[in-house]
Amino acid sequence: PAGLPQAKRALRRFVDEQMTERDVAAVVSTSGGGGLLGQFTRDRQLLRLAVERLQPQFAQTPSFFTPHLAASVVRDDNLDGEAVTLAAKIVRAEDGMNAFLPAKGGESPDSADYPQKVYARQKAMIILGEAVQRRRVALSTLRAAAEQLSRLPGQRLIAYFSEGFSQSDSRGETDTSDVEQATSRAARSGVVIHAFDARS
């Protein structure tokens, strides 16, 4: 959501200033959408409408419990690792767990954080699972766009706007297979991908 206005400005600028009369373009979103989205056209007005119809893929409350931290938590073999300890502190602060998980036997919350650590580990698996799914959907869309472009004549370009995604699998290990499949498919088709950070 934070990067969408900037991405829209860049897309409108491309349509208004960079497209020529011989170019065709389509606006494709990994969050789905029908109608004008995904249709190749030379009509600048239709493309502007498609840009305006773009919606955020998902709304997420800002959190320090990132997919990177979640991957570290999932990789930890026990509940005493640094990542789990940090995640427990984050869930105490962000989810208000102190209100319903008091310390046992009069101990301080820092010495009685077992329930928070268990909760943090469960939350890490959920966060990581969602991040994996978002990455797969995004890169599957990118592969499909490259496949569609491969059938068109002339120079073929994809401008990919993203705030990034986790490259961890559900076990917290690095998995680049989705990225390699998408980029290699584009390369074989003669499609050039330009990636833009939507946050800047």
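Predicted model: local features only at pLDDT ≥ 70, side-chain atom pairs only at ≥ 80, totals over all residues.
A residue counts as buried when its relative accessible area is under 20%, and S162, with a relative accessibility of 16%, therefore falls into the buried class.

**S162 and its surroundings**
- S162 is located in strand β1, and a polar atom of its side chain lies 2.8 Å from the backbone nitrogen of G164.
- Leaving aside residues up to four places away in sequence, S162 touches F196, D197 and A198.

**The aromatic pair**
- The count of aromatic pairs comes to 1, and the rings of F161 and F196 form a stacked pair because their centres are 5.0 Å apart and their planes meet at 20°, where stacking requires an angle under 30 degrees.
- F161 belongs to strand β1 (residues 156-162) and F196 to strand β2 (residues 191-197), so the pair ties together parts that are 35 residues apart in sequence.
- F161 is partly exposed at a relative accessible area of 25%, and F196 is likewise partly exposed, at 40% relative accessibility.

**Packing of α5 and α6**
- Helix α5 (residues 114-149) packs with helix α6 (residues 177-188) at an angle of about 10°, the axes being 9 Å apart, and the two helices are therefore roughly parallel to each other.
- On the α5 side the contact is made by R135, R136, L139, L142, R143, A146 and E147, and on the α6 side by D178, V179, Q181, A182, R185 and A186.
- Sorted by class, this contact of α5 with α6 comprises 6 nonpolar, 1 polar and 6 charged residues.

Notes:
Residues numbered from 1 in each chain as written. Heavy atoms only, no water. Phe/Tyr/Trp six-rings, centres within 6.5 Å; stacked < 30°, edge-to-face > 60°. Helix = DSSP H or I, 4+ residues; strand = E, 2+ residues; numbered from the N terminus. Buried < 20%, exposed > 50% of the residue type's maximum accessible area, 1.4 Å probe, protein only. Polar contact = N/O pair within 3.5 Å; in protein donor to acceptor, adjacent residues only side chain to side chain. Contact = heavy atoms within 4.5 Å. Axes fitted to C-alpha atoms, helices over the stretch in contact; angles between N-to-C directions. Parallel < 35°, antiparallel > 145°, perpendicular 65-115°, else oblique. Nonpolar A, V, L, I, M, F, W, Y, C, P; charged D, E, K, R; others polar.
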